[in-house]
Amino acid sequence: MVGDRRPVTGERPVDGGPAPACMPMVAAGLIALAACSGGADTPIAEEGLAVHDVRVGEPVGRTSAGVYARIENGGPDDALVDLASPLARRGSLHATETAGGMTTMRAIASMPIPGGDRLELLPGARHGMLEELERDLAVGDTVEVVFLFDSGTRIAIAAPVVSRLELAGRDAAAHDAH
Ligand SMILES: [Cu+2]
């Protein structure tokens, strides 16, 4: 025991960037942990941008993989403009569209996130992609995904590769809650 005087720790990383709040190995502090435990309908209490619940989908055809996340913006209006990863030649942002029974993905340049709002990247909806993967990814691997914002903010998250079954199950459960 060290007595009742505890240091104030971890509310913001010392480099000034937004906290990668859902990474368990980062000392993200009580504010971030509380935010991580909240679902999509909880108020956005953080300052600035925070990226939560990042998952990389099991690659389809081995060359590209979807990226799914919940991004919360407790600061001024911003926009997600790109993704990057050391394991991919490039990233992209996609909208999923269904017309005449055909589902297609269309690249989009920017996904706005107004201040006080959130952006959800979900299977079958708006999502990110890592393209031209440098190596095979397997379920259980960890991939660094960097989220790039219009403001110049960059947030790097170590994200798990999850199976398509798990992606479908989680998002079905999330939609049931609405
Ligand atoms: Cu896509």
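Select strand β7, residues 118-121: Leu 119 and Leu 121 form its covered face, while Arg 118 and Glu 120 lie on the uncovered one. Strands here are DSSP E runs of at least two residues, helices are H or I runs of at least four, and both are numbered from the N terminus. The model is a predicted one, in which local features need pLDDT of at least 70, side-chain atom pairs count only at pLDDT 80 or more, and totals for chains, interfaces and linings use all residues. Residues are numbered from 1 along each chain as its sequence is written.

β2 pairs with β7 in the antiparallel sense over four bridges; two strands pair if DSSP finds at least two bridges between them. To see one of these contacts between strands, pick Arg 70, whose bridge partner in β7 is Glu 120.

**The whole chain**

Zoom out. The chain has two helices and 10 strands, and their order along the sequence is α-β-β-β-β-β-β-β-β-β-β-α. Of its 178 residues, 28% count as buried. Buried means that 20 or more other C-beta atoms lie within 10 Å of the residue's own, exposed means 12 or fewer, and partly exposed is in between, with C-beta atoms placed from the backbone. Among contacts with a separation of 6 or more, 68% join residues 24 or more positions apart; a contact requires two C-beta atoms, placed from the backbone, to lie within 7 Å.

Now colour by pLDDT, the predictor's confidence in each residue, from 0 to 100. The chain has a mean of 80, and 70% of its residues reach 70 or more. Over residues 6-38 the pLDDT is below 50, and this stretch has 43 contacts in the model beyond near neighbours in sequence.

**The nonpolar core**

Select Val 51, Val 56, Val 67, Ile 71, Leu 80, Val 145 and Phe 147. Within the largest nonpolar core, which has 28 residues, these touch the most other members. Such a core is a set of buried Ala, Val, Leu, Ile, Met, Phe, Trp, Tyr and Cys residues joined through C-beta atoms within 7 Å.

Centre on Val 56. Leaving out residues up to four places away in sequence, Val 56 touches Ala 65, Val 67, Leu 130, Leu 137, Val 143, Val 145, Ala 159, Pro 160 and Val 161. One of these, Val 161, is also the bridge partner of Val 56 in β10. β1 and β10 pair in the parallel sense over two bridges.

Stay on strand β1, residues 49-57, and pick Asp 53. Asp 53 has a phi near 55°, a positive value in a residue other than glycine. Is Asp 53 buried, exposed or partly exposed? Asp 53 counts as partly exposed because it has 18 C-beta neighbours inside 10 Å.

Show β9 and β10 together: the two run antiparallel and are joined by seven bridges. Val 143 stands opposite Ala 159 in β10. The β9 and β10 hairpin has four residues between the strands, and Gly 152 there takes a positive phi near 100°.

Next pick Thr 153, in the loop between β9 (142-149) and β10 (154-162). Thr 153 is partly exposed because 16 other C-beta atoms lie within 10 Å.

Select Glu 132 in strand β8, residues 127-133. Its phi is near 55°, again a positive value in a residue other than glycine. Glu 132 counts as exposed because it has 11 C-beta neighbours inside 10 Å.

Follow the chain to Arg 135, in the loop between β8 and β9. Arg 135 has 9 C-beta neighbours inside 10 Å and so counts as exposed.

**β4 and β5**

Last, select strand β4, residues 88-99, with β5: they pair in the antiparallel sense over six bridges. His 94 stands opposite Ala 107 in β5. The hairpin has two residues between the strands, and Gly 100 takes a positive phi near 60°. Strand β5, residues 102-107, is hardly covered, as zero of its six residues count as buried.
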